[in-house]
Amino acid sequence: MNYFVHESSIIDENVTIGEETKIWHFCHVQSGVTIGSHCSFGQNVNIAGNVKIGNGVKVQNNVSIYEGVELEDYVFCGPSMVFTNDLTPRARYPKGKAGYFKTIVKKNATIGANATIVCGHELGESCMIAAGAVVTKNVLPHALMAGIPARQIGWVCECGQVLSEELICPDCGRRYNKIEDGIEEQKENT
């Protein structure tokens, strides 16, 4: 076994876990889950059946990743953030898998503490969802989203810093250009 699972956690049958991944206290990983390498799952994380998680993902305490959610490489899920997978749940009329909506979180995206991601949407590469935001629509790559419902309030660099109005990162110096459906990093002239 080239990964770590705390003795208080439960890993069901038919689960794939990549090397150097760490699963801490009181977690449950259900059947059919695939987890990449070098991931970290904090205390009290539940990963429902058939979920796919990429490499380098970090999930903080008290997060449930429900069936229908897919996390690409290097996604960060802050403490107690929430995914949903059914737009119209009723305890009396359960729909099961047939009623689940897919949610895809693209690589390098960040979801802040206590944010809620309503199912059926895609969070773009390197986007950042502020703490407590409620996402109710697709999110563009590099978009900074905040509020209830979440709205775009700026752009973020691949490194996570908020970009200036000129779309320049104050930390790493990357520069971006506005394009029709968002921004893209400027390429060096060679």
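**Values set against their definitions**

Author: Asn46 is a residue of strand β8 (residues 46–47), where a strand is a DSSP run of E with at least two residues, a helix is a run of H or I with at least four, and both are numbered from the N terminus. The model is a predicted one, in which local features need pLDDT of at least 70 and side-chain atom pairs count only at pLDDT 80 or more, while totals for chains, interfaces and linings use all residues. Residues are numbered from 1 along each chain as its sequence is written, and side-chain values use heavy atoms, with hydrogens and water left out.

Reader: Why is Asn46 called buried?

Author: Buried means under 20% relative accessible area, exposed means over 50%, and partly exposed is what lies in between, with a 1.4 Å probe and protein chains only. Asn46 has a relative accessible area of 18%, and therefore it counts as buried.

Reader: What makes the link between the side chains of Asn46 and Gln30 a polar contact?

Author: A polar contact is a pair of N or O atoms within 3.5 Å; within protein, one must be able to donate a hydrogen and the other to accept it, and residues adjacent in sequence count only if both atoms are side-chain atoms. The side chains of Asn46 and Gln30 are joined at 3.1 Å, which is within that limit.

Reader: Is Gly49 buried or exposed, and how do you know?

Author: Gly49, in the loop between β8 and β9 (52–53), has 9% relative accessibility, so Gly49 counts as buried. Leaving aside neighbours within four places in sequence, Gly49 is in contact with Gln30, Ser31, Val33 and Glu67.

Reader: What is the relative accessibility of Ser9, and how is Ser9 classed?

Author: The value for Ser9 is 12%, and so Ser9 counts as buried. Ser9 lies in the loop between β1 and β2 (10–11), and its side chain reaches the backbone nitrogen of Phe26 at 3.5 Å. Apart from neighbours within four places in sequence, Ser9 is in contact with Ile23, Trp24, His25, Phe26 and Cys27.

Reader: What makes Phe4 and Trp24 an aromatic pair, and why is the pair called tilted?

Author: Rings of Phe, Tyr and Trp (its six-membered ring) pair if their centres lie within 6.5 Å, and planes under 30 degrees apart count as stacked, over 60 as edge-to-face and the rest as tilted. By this rule the count comes to one aromatic pair. Phe4 and Trp24 have their ring centres 4.8 Å apart with 50° between the planes, so the pair is tilted. The pair links distant parts of the chain, with Phe4 in strand β1 (residues 4–5) and Trp24 in the loop between β4 (22–23) and β5 (28–29), 20 residues apart. Phe4 is partly exposed at 33%, and Trp24 is partly exposed at 32%.

Reader: Which residues does the cis peptide bond join?

Author: The cis peptide bond joins Ile148 and Pro149, with omega about -10°, and Pro149 is found in the loop between β21 (143–146) and β22 (151–155).

Terms used
Contact means heavy atoms within 4.5 Å.
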